[in-house]
Each structure stands twice: as structure tokens, then as C-alpha cells.
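Here is a short note for someone opening this structure for the first time. Please keep the view open while reading.

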Amino acid sequence: MCEALMELMKDKFEEKFEEERNEGEKAGENRVNELNLRLSKAGRMEDMMRAMEDKAFQKQLFEEFGL
């Protein structure tokens, strides 16, 4: 009985972990997309291109735009 309960709990934990990981990925994608949209609207294409390669610069831009 105890092993069956542990297996059930393990399955539920893994399912919840996967759901939260997927939500985190979507949030990250949305954050990057919003940054790119704002940079594009501001005519800052060079900054957008640089942010794709320079993660420290990307982080600065996230802070600048309150993302």
C-alpha cells in the first residue's frame, strides 16, 4: 500500500513539475517577445540584435522596460 501511494505521489509531483516548467517557458517567451516588440516600436533594431547575443545587455533592457 505504501509503495503504491508513493508511486501515485511521485506521478502527481512529476505532472505538476512539468506543468510549472511549461508555464515558466511560456512566461519567458512572452517576456522576450514583449521586449522585442518594444524595441522594434522604438526603432532600436540594433539593440534587439545585440540582446539576442549578449544576455547581460538583454537583462539591462528588461530592467529598462520594466519587464
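Predicted model: local features only at pLDDT ≥ 70, side-chain atom pairs only at ≥ 80, totals over all residues.

1. Start with helix α1, residues 2-41. This helix has 40 residues. From its first C-alpha to its last it reaches 58 Å, close to the 58 Å expected at 1.5 Å a residue.

2. Next, look past the end of that helix. G43 follows α1. The phi of G43 is positive, near 70°.

3. Now turn to the pair α2 and α3. Helix α2 covers residues 45-53, and helix α3 covers residues 55-64. They pack at an angle of about 125°, and their axes are 6 Å apart. The crossing of the two helices is left-handed.

4. Which residues form the contact between α2 and α3? On the α2 side they are D47, R50, A51, M52 and E53. On the α3 side they are K55, F57, Q58 and L61. By class, this contact has four nonpolar, one polar and four charged residues.

5. Look closely at Q58, in helix α3. Is Q58 buried or exposed? Q58 counts as buried because its relative accessible area is 13%, and buried means under 20%.

6. What does Q58 touch, leaving aside its neighbours within four places in sequence? Q58 is in contact with V32, L35 and A51. A51 belongs to α2 and is part of the α2 contact with α3.

Note on methods. Residues numbered from 1 in each chain as written. Heavy atoms only, no water. Axes fitted to C-alpha atoms, helices over the stretch in contact; angles between N-to-C directions. Helix = DSSP H or I, 4+ residues; strand = E, 2+ residues; numbered from the N terminus. Left-handed = near helix turned anticlockwise from the far one by under 90°. Contact = heavy atoms within 4.5 Å. Nonpolar A, V, L, I, M, F, W, Y, C, P; charged D, E, K, R; others polar. Expected span 1.5 Å × (residues − 1). Buried < 20%, exposed > 50% of the residue type's maximum accessible area, 1.4 Å probe, protein only.
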